[in-house]
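User: Could you take me through this two-chain model, with the terms spelled out as they come up?

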Amino acid sequence: MIDNREGLARMRTLQLIVFCIFALLAGRLFYIQLVDPRYGELARINTLRRVVQYPARGEVFDRNGEYLVQSRACYDLMAVYKELDRKGFDTARFCAVTGIAIHRLRRGLADASVSPRVPTVIAKYLSKEDKLRFDECNFTGFYTVYRTIREYPRKIGGNLLGYVGEVNDNIVKNNPEYRPGDYIGMSGVERSYEKLLKGRKGVKVQQVDNHGVVKDSYMNGRYDSLPEAGTYLVSTIDARLQLLGEELMRGKVGAAVAIEPATGEILMMVSSPSYDPDELLGRERGNNYMRLLHDKRHPLFNRAVMARYPPGSTFKLVQGLIGQQEGVLKPSDRHPCNMGYRAGKLKMACHSHASPLDLRFAVATSCNAYFCYVFRDILENPKYGSPKKGFEVWREYVESFGFGHKLGSDFLDEGTGYIPERSFYDRRYRGSWNALTVLSLSIGQGELGCTPLQLANLACIVANRGYYYIPHIIKKIEGCDSIDRRFYERHYTKVDAKYFEPIVEGMWNGVNVAGTSWLAKLPGLDVCGKTGTAQNPDGRDHSTFLSFAPKDNPRIAISVYVEHGGFGASTALPIASLLEEYYLTDTIRRPELLQYVKNIQLPNYVQP
Amino acid sequence: MSSLDRRPARLFEGIDGIAVLLYVLIVLVGCLSITSASYDDTVGGGLFSFSHFYMKQAVWVAVAWTAAVAVLLLDERFYHMFAWPAYVAGIAMLVAALLFGREVNGAKAWFEFGSFRIQPVEFVKIATSLALARVMSAYSFSVNRPGHLLKVALVICLPLSIIVLQNDTGSGIVLGSFLFVLYREGLNKWLCVPILLIATLFIISFLLTPMTLLVLSIVVCTLCDAILNRAWKSRIIYLASLAFASIVLQAAAAYFAPGAMTLYHSLLTVTIASLIAVAVYAYRNTLNNTYIIISMFIGMMIFFPTTNYIFNSILKEHQQKRIESFLGIINDPRGIDYNVNQSKIAIGSGGFIGKGFMEGTQIRYGFVPERHTDFIFCTVGEEWGFVGTMLVLALFCLLILRLMRMGERQEEPFGRIYCYCVASILLFHVLVNVGMTIGLVPVMGIPLPLVSYGGSSLIAFTLLIFIAIRLDAATRQFSLNKF
């Protein structure tokens with residue numbers, strides 16, 4: 001037995017213990033409920049799921065308001081594995097209705113079975129027709145989610161418009177606004193104008209249970225937002241011209257670019273071989289992409305802005321202009337040409353024509369010897385003391401024509417071309433070289449590399465008599481008064497306008513009077529042109545043609561470059577001429593020429 | 001003082017109204033919480049269908065209250081007499097459950113009758129409380145007499161060991177809470193200290209490596225000895241020579257038999273060998289307390305491996321994991337920590353006033369497991385916030401204090417001991433159940449009294465409390481009638 005006083009004392013101790021235990025519990029509750037803010041956040045992470053609603057991607061129109069790219073409804077087929085009717089499910093019928101290959105369905109269902117209550121994508125890009133058929137059949141556990149896919153009404157401009165793909169892990173890591181499953185422009189216009197085209201995703205905040213099953217919308221949708229479609233773009237491209245250009249370039253390797261000289265708007269840009277833009281869409285995109293990537297003709301390579309071609313004789317225009325500006329050449333200067341240019345052991349061959357000849361005639365007939373003299377005079381200008389110094393001056397002029405660097409167009413993957421630097425030759429020839437060593441530059445051969453876009457830009461410069469606007473592909477953005485400011489600035493070359501007249505006349509003569517470009521003559525249109533035939537180590541000469549029309553107030557400047565096309569006049573010229581005719585008159589009056597171009601067989605062309 | 005004098009003038013005279021009120025409030029809190037935790041609109045049959053847990057619980061409440069009235073109607077001397085038969089019946093039920101019962105959640109502790117189950121352990125708590133009260137209220141009983149203490153230990157340990165065998169360790173440990181009662185009844189303070197000390201050592205022995213434990217025990221024991229005998233210099237020399245000798249031994253072992261001995265083994269060998277010298281030293285200087293410290297050290301050396309043995313071979317894997325998880329040895333929020341983690345999230349996200357009745361997302365969307373049974377407190381925490389949890393804790397605290405007060409005013413030790421038993425069981429349940437939902441205590445599958453869903457538990461706790469109220473009422477009727 002315990003006595004009362006001791007018992008009372010012990011009761012007090014025990015009461016104290018009870019108090020302490022409850023104080024401990026209360027203190028802990030105070031901490032986790034009122035002090036520590038983590039738990040509220042964790043609870044939201046537990047229960048809230050953000051469901052993305054995808055916006056329609058912006059459309060692209062051509063300059064006449066015709067669709068180049070549209071967005072079309074398509075559907076992702078989803079499945080919740082646990083809700084499937086696994087006994088009554090008719091696989092064969094399902095595949096027939098939805099057009100999904102059976103092995104894909106099996107793989108999709110296997111993926112879905114990993115987390116049986118979570119919606120899983122079984123197949124993407126279900127067409128509207130398939131979706132409607134699917135809806136009629138009532139397969140339990142399956143449903144569709146609305147998305148959009150690109151559509152190309154004219155099937156043109158594959159490399160120009162680019163394609164859209166699903167973001168990869170790398171993109172997601174570097175751009176936090178993208179989530180796996182989003183689409184992104186991978187090349188061309190789609191890539192350059194991704195920010196405008198993509199639109200804004202909408203979101204639905206849902207409450208889910210511990211199995212991921214949706215229970216309710218969060219706060220009655222207070223934090224939900226609707227998707228906003230991407231802005232539409234108006235392209236500078238003329239769809240009909242582009243279509244003709246692609247038809248004419250079919251079966252040839254090369255590029256054709258047409259620009260409106262007064263604005264720098266790219267009217268047409270063909271890179272050949274190209275591909276049907278529909279191939280890089282939808283379910284077969286991955287397979288087609290790999291096929292195109294490994295195609296020996298490199299259809300995914302946008303030659304129009306990325307290739308580096310020797311400009312050939314078209315570069316003589318630049319030499320003539322620099323010579324005049326430097327004061328070493330007057331239009332009336334005559335140089336002899338006896339089947340070529342000779343200096344010691346060196347010989348630069350030329351074709352037969354009248355000799356001696358002046359600048360206009362030299363441009364018209366594309367005389368090699370004449371421009372060898374001009375180039376030598378520029379480099380050996382006594383003003384500069386040495387041909388190396390003279391070369392540096394020459395190079396600065398050439399750069400002012402937009403060569404050797406990116407033009408700054410709205411193609412992100414635009415190439416730079418290549419103009420060799422003095423140091424390049426110093427290294428190659430260990431410091432001992434002169435004008436004769438680099439003489440092949442005079443006729444656009446040697447180490448020169450130009451993109452077809454740069455060549456078309458040269459045609460613009462000549463057409464404008466001394467300046468250009470940066471070529472661009474988009475002329476209007478929905479909701480914007482103007483495009484980027486850089487496209488409104490004139491870029492002047494270092495050659496004054498007055499020196500352009502003899503060159504333009506020479507080009508006009510070459511087409512309309514007597515010269516290499518007579519085939520390009522179009523009655524009443526005053527076409528000016530310059531052929532080019534570029535030798536290359538890989539085989540037959542490249543064929544190129546620069547042209548603009550009409551001579552005064554030109555509306556189109558064009559450059560066509562056909563790899564291994566032979567003489568400039570035989571392949572590139574007819575293509576350019578037909579394009580000019582079609583753009584300026586809306587008709588083609590020379591069906592035999594059209595037929596000729598379509599039937600050209602190029603020996604080096606790799607058959608697909 | 002004949003029995004006729006003590007006949008109640010009115011049926012429920014002397015009943016402690018406050019205790020009954022607290023009981024009713026807690027039961028109502030339980031009903032509300034279960035409704036919120038288990039309401040599922042996908043279950044057919046409408047709001048009042050008996051497929052809902054809260055409707056079943058309503059039935060149990062009705063049964064429990066009927067039982068409460070029955071308890072109040074019986075004479076209090078009945079419980080005195082009933083103690084031993086109840087205890088025997090309880091043990092028999094436990095054994096039967098162990099042999100023929102049904103296994104639920106790993107514990108073979110249930111009887112199944114058709115669609116409902118009974119967990120005998122809930123009723124064994126009542127029987128053991130009665131038996132304990134009966135033993136300890138015997139004439140000339142003293143809790144500090146070894147023979148009497150052994151009796152008490154037997155009464156507690158018999159059901160406890162069967163419950164542990166049933167693999168229902170959590171419920172078994174509840175009976176350990178009778179230490180609370182023993183203390184009130186005059187158990188020597190110095191007996192309580194080692195019991196708590198062992199519990200502390202038990203936990204420490206998991207957290208530290210054997211080497212650290214050994215060094216720690218040597219240092220602590222030497223330190224105690226130094227303090228008690230006020231001799232510092234020789235103790236420090238002793239420690240230094242231990243270290244030196246063990247390093248020499250280790251070096252020698254490494255030379256003659258590489259890899260045969262670790263530093264731990266060397267130190268242990270040297271220390272045990274030195275104990276003989278220490279004993280001789282103590283005998284010569286007549287230092288009695290040094291003997292105690294030597295035996296303490298030996299006790300520790302035996303205790304540590306034993307805990308490991310108990311931990312590894314007696315506790316089941318999930319129990320080991322719960323303890324390891326609680327001690328922070330393992331951290332696995334998707335696996336073993338999932339329950340506690342989700343439960344903390346639910347309670348923590350409740351904030352000050354909570355999310356409102358039936359608005360708790362963590363509860364309603366199933367993130368908290370066992371949300372209507374063991375983790376029912378999460379519903380209170382999430383839906384009623386800090387206000388709600390404090391209110392519920394306050395109700396329990398008041399009920400426990402009230403039971404202690406009722407115990408104190410008993411004339412006879414039987415009633416007092418019984419009331420304390422009830423208070424200690426309630427206290428332990430609340431501490432462990434609420435503690436585990438907020439990460440203070442390792443997870444043990446024991447319910448929150450009167451709140452968690454479950455018929456056995458509700459009825460057993462009702463009986464437990466109302467027997468205490470009945471015993472108290474008898475005392476008060478007696479004192480009322482006397483004057």
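Analyst: Residues are numbered from 1 along each chain as its sequence is written, while chains are lettered from A and ligands numbered from 1 in the order in which they are written.

User: What average pLDDT does chain B have?
Analyst: pLDDT is the predictor's confidence in each residue, from 0 to 100, and where it is low the predicted coordinates should not be read in detail. The model as a whole scores ipTM 0.82 and pTM 0.64. In chain B, 91% of the residues score at least 70, and the average is 84.

User: How many helices and strands does chain A have?
Analyst: Helices (H or I, at least four residues) and strands (E, at least two) are DSSP runs, numbered from the N terminus. By that rule chain B comes to 18 helices and three strands, and chain A has 21 helices and 20 strands.

User: Which helix gives the most to the side of chain B that touches chain A?
Analyst: Two residues are in contact if their C-beta atoms, placed from the backbone, lie within 7 Å, and 37 residues of chain B are in contact with 31 residues of chain A. Helices α7, α14, α15, α16 and α17 of chain B each supply at least two residues of that side. Its residues divide into 20 nonpolar (Ala, Val, Leu, Ile, Met, Phe, Trp, Tyr, Cys and Pro), four charged (Asp, Glu, Lys and Arg) and 13 polar (the others, Gly among them). The most, 11 residues, comes from α16(B).

User: Where is the kink in α16(B) centred?
Analyst: The expected span of a helix is 1.5 Å times one less than its number of residues; for the 32 residues of α16(B) a straight helix would span 46 Å, but the end C-alpha atoms span only 30 Å. The bend at a residue is the angle between axes fitted to the seven residues ending there and the seven starting there. In α16(B) there is a kink of about 135 degrees, and it is centred on W384(B).

User: How many residues of α18(A) are buried?
Analyst: Helix α18 of chain A, residues 452–464, reaches 18 Å from its first C-alpha to its last, close to the 18 Å expected, and is followed by R465(A), whose phi is positive, near 60 degrees. A residue is buried if 20 or more other C-beta atoms lie within 10 Å of its own, exposed if 12 or fewer, and partly exposed in between, with C-beta atoms placed from the backbone. The helix is largely enclosed by the rest of the structure, because the buried residues number 13 of the 13.

User: Which residues have the most contacts inside the largest nonpolar core?
Analyst: A nonpolar core is a set of buried Ala, Val, Leu, Ile, Met, Phe, Trp, Tyr and Cys residues joined through C-beta atoms within 7 Å. The largest has 123 residues, and those with the most contacts inside it are V257(A), A459(A) and L579(A).

Terms used
Predicted model: local features only at pLDDT ≥ 70, side-chain atom pairs only at ≥ 80, totals over all residues.
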